[in-house]
Every structure is written in structure tokens, then in C-alpha cells.
Amino acid sequence: MLFLGGKSSLAQEEQPIGTETVTVVKPYSPTVSDAFKIRPEPVLTDSITLQKKPIEYTIFSVPVASTFSPSKGRAAQVEKEAPESLYNSYLTAAVGNFNNALVDFYTSHEMDQGDKRFDISLNHFSSRGDIENTPLDTDFYNSSLGLNYTQKASSLSWGAGIEGGHRLYNWYGIPSDIFSEATIQEMDELQQYYHAGVQAHIETESSFFKRGDILYRRFWDAADSGEDRAVFKPRFQVPLENDALFISGKLDYVGGSFANADVNNPENTTGIDYSLLQVGLNPSLEMKGDNYTLNLGANFVYGQDLENNDSNFYIYPSVRASYRLLEESAIVYVGVEGELDQNSYYDYTVQNPYMSPTLQIVPTDRQYDAFLGLKGQLLPNLSYNFKGSYTAENRKPLYLLNAINEFRDDEKSYHYGNSFEVFYDDVKTLGLFGELNVDVNRNFSLGVNAAIYDYNTETGNPAWNLPNTEASLFLDYQIGDQWYVGGTLFYVGEREDLATEVVTTTFPSEPNAVLLTLDSYFDANAHVGYRFSDQFSVFVRGSNLADNQYQRWANFRVQSLQVLGGLTYKFDL
């Protein structure tokens, strides 16, 4: 022990041992002990234990005769309504007082399971009656015929058609108590309009080119006037990630000639020629969201007067937007648009058939048409629309009564203050419009609208023959399966015109211009009909029920109470 102790002391002195800390980390390793299982039948230590008595089951089968046979279930049958019979043709014919006659025919034929269709339409309405206190003939005809063919495919559809028409009117609106009986007997007041044209369109689904429309129309009258109109309007679409870019174009030409000089000229020496061309481009970006739609664009138009070698370039705004304030209950919409409107002799005679064949044709520079409105549905069957607008137009066409020119000896008698010319004026128009439509059910509908206008002209003249107030009411009611009734009521406010006379003296002794104020008027119309079957029905129509011989145009009184009765027959052709 001494020896070992000495060796140990010596070793410690030679190599001293330092202090160290050792930390031992042992991971947690849980164990699961055996669960205590409850025996299904515990062992009882009671001295009295009841023994279970064994039970034996036996089945004694006895066959029983049964006559029960379950009935098979049947689905309840719902009474089916007879499908509505559809016919591809119909014919309407009617006659009435004033020797009025109406014929309306239409037929449509499907081919290749509906992919191709051929339509024919024929319309005619005429009157041979005289109007009281009107010495000249007041007959008129209006007939048209159209043939149209369309074809549809999965990604392409197109169509083409031809149309023609004949209209007959009389310049019967001469001023009263001015002309002698001999002068009236020599008047040739008959005017006839003819037109024939072709139109075609093509539309694609999966292409940059979306649609194209082509129109050519020839129009002429009984006074050696003629006009050609050609229009081509393509439309393209460039799809974007979330929006769409539309590009619309137009190529619009109108040209013609009048064999007669302006009515204000004492002599009918030279005619009037016109030739107008427009080329336009309208790019617009359309953006849509959950509650809004926004269309931003501009309209670029180049217009050229080929007859006078004059041209102009126009830039118009083209902006529209709408926003849903309360789902379908309130939708606000706003916009400002402009356009160079192409005017034509044909369009003027459609609006006013008593035009003289001596017109100046120029386009209308509609600088801007700004509007703000609110529309929606207050109830599921009640909709509304209110709009305010402000429009600025240069060279707006206004219909003005032609002067009395007894120095002329034209073949046609339109120079006795009984025809109209076009007076172009720069007009700014403030308008307010409102309408309500009620659809009580599928058998009853009612609509009413009204508009108020305020005009400001550059010349300081009234806006000739434009009313300040207009209103209308529409009613349709289906009574049961057989009877149906309907009616319309129109109100047009006062209008102003000017009666003048061509004189040769520089200083006439009396003024040769008189301002005319045309009274406002109501025009009430109604109809009632009875259906004997799906194919056959009869009807009666009444027009101008108030029996008011108002003047739609100065000196042109309308027919009084008119009654027209007829039938409609549907059939397959």
C-alpha cells in the first residue's frame, strides 16, 4: 500500500488531471404496458351460483297455400299540354273605309335540318279615299317584296337577299283659297318612288374577322331623280387576356342627281348632282367585370365630296360605360359618341314622303351625343329607363315647307307650297326621356314613355318641324285563348314651319314669309281579334279614333276615323 501510494503521488505530480464536466443525455423511450382486459364472464365467488339451462330449438315447417300476388308499380302520368302548332307561312288580308287595303304575306322554308333557310315576304298597304276639303288626289300605295337566303355552319354563317319596293304619294297639301280652279285642275301632284337592292352578310366564330355587311340599293322616282347607295361594314375582334379589342370599319358611298333645280329658283334650268364618300375606322377596347362594362374607343372618319372636290377628316369620341348599383334593380349608364351621318334622298323620303325632287344632299356632322341614364327592374314585372342627353350637330337636316313659285312650269306640281325641302342648321339639343314597362303576366303588357326636347339653332330660327314634346302608350291583353285586344296612343307637341313665296321684285310691298304653328295632336289606335283556331283568326283595327284631322306636316291633313277589318290564316307551304 505504501508502495502504491508513493507511485500514485509521483504520477500525480508529474501529470496533473484537470476538471471536466460530462453531461449525459438519455432520449425518452416510452413503453406501453399491457392493458387490463375485462373478462366477458367474470368469475363469481358467490356460494350460490345459478347454472344455465341448455335450450334446444327445433323448426316444424308446414307449407301454406297463398294466393297473394303483388301488383307492379306504375309511374304517375302528368297531363301534357298540346304543343303549339308552328306553321311556316301566314297571310293577312284586310279592307276598310277610305278604300284602304292591307296584304301581308310571309313564308319561311328550312332545308338540311334547319342549317339553310329561304324566306319570302310581301307587304302592301294602300288607300284610295279622299280627304275632306282637299281638292287634289290623296291616294297612296306602299308595297315591298323581299327574298332572303341564309346558311349556318359550326363556325361560319352567311346570307344574301334582294329587295324591291314601290311607293305612291300625292303632293296634295296646297294652301287653301289661293289657287284658281283652273290652276288646280292642271296640277300633276302624283309622285312615285321605286327602289331595288341587294344585301349580304357573313359571320364567323373562330376568326379575327367577325362579321361583314354589304348593301347596294338603287332608288329613283317619277321626276327623273336617281340615287345609288353602296355600304360595306367589316368588324374585327382581337382577343386579349381579360378584355377584347374591336375594330369596326365602314366604306359608305351615296351619289345621285336631280333633274330639277331648287324650288326657290324662278326658272328650272339646271339640275343638282351629288357624290359623297366616307371611309371610317372605329377601334374600341371593351372591359367587363362583375358589375361594370366599359367601352373605350374613338371614331375616325374621312369624308369627301367628290362632286365639289372637297374633303375633311373627323375624329369623334366613342365611350360607353355601365355599372350595376343594385344588381338588376339599378344600372347606371353613361356615354359620349359621335359620327359623320350619311344622308340620302331615300332616307329623307322614308321620313317625309312629300319631299320635292330638288334637294341638296350633304352629311351631318354629329360632333357628340352625350347621355346619362338609369335603368333596371323595380319588380320582376316592372322595368324602367330614364335618360338625359345633350347633342351637338352641324348641318342637321330639318324639313321646311317649300316656297310657292308660280313662275315655274315643271312637269310635276310640287312648287305650289305643297312639298318640302331640307334646311341644314347647326343644332344643339337637350333631351329628357323616360319609360316604364309592365308585364303583369304573359297575357298582359303595358308600356308608356315620354320625351322633352329643347333646341338651340345657330341661325336663331326654330328647329323646323321638330316637336318639343312626344309621348306614347302601348297596351296588349290576351283574354282567354280566343280574344285579344290592344291599343296605342301617340302625342306629338306643337311644331313650327314657314310659308314663303318666290317674288321677282327686290322690295315686295308685303312680307312674303309667314310663320306657321302646327297644333299638337293625339292619335289613338286600337285593335281587337278573335282566334277560331291555331290557324284562323279575324280582327278589326281602328285608327285615329278621336276623328281628328290634324296636320302631320303643314297643309297635309290626315284621314279621319279609319276602320279596317280582316283575317289571318297560318299554313304550311
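## Aromatic pairs and strand pairing

In this predicted model, the count of aromatic pairs comes to 36. Two of them are set out here.

| Pair | Distance of ring centres | Angle of planes | Class |
|---|---|---|---|
| Phe209 and Phe236 | 5.5 Å | 65° | edge-to-face |
| Tyr521 and Tyr550 | 3.9 Å | 5° | stacked |

Start with the phenylalanines. Phe209 belongs to strand S7 (residues 209-221) and Phe236 to strand S8 (residues 226-239), so their pair ties together parts that are 27 residues apart in sequence. Phe209 is partly exposed, at 22% relative accessible area, and Phe236 is partly exposed too, at 24%.

Now the tyrosines. Tyr521 is in strand S22 (residues 521-531), while Tyr550 sits in the loop between strand S23 (536-543) and strand S24 (551-553), 29 residues away. Both Tyr521 and Tyr550 are buried.

There's also a cluster linked by ring pairs, with Phe125, Tyr169, Tyr399, Phe420 and Trp553 among its members.

On to the strands. S15 (residues 382-401) and S16 (residues 420-441) run antiparallel and are joined by 18 bridges, with Ala392 opposite Lys428 in S16. S16 also pairs with S17 (residues 444-457), again antiparallel, over 14 bridges. Two residues separate S16 and S17, which form a hairpin, and Asp439 stands opposite Ser445 in S17.

Last stop is Ser154, in the loop between S4 (140-152) and S5 (156-170). Ser154 counts as exposed because its relative accessibility is 75%.

Note on methods: Residues numbered from 1 in each chain as written. Predicted model: local features only at pLDDT ≥ 70, side-chain atom pairs only at ≥ 80, totals over all residues. Heavy atoms only, no water. Helix = DSSP H or I, 4+ residues; strand = E, 2+ residues; numbered from the N terminus. Buried < 20%, exposed > 50% of the residue type's maximum accessible area, 1.4 Å probe, protein only. Pairing = 2+ DSSP bridges. Phe/Tyr/Trp six-rings, centres within 6.5 Å; stacked < 30°, edge-to-face > 60°.
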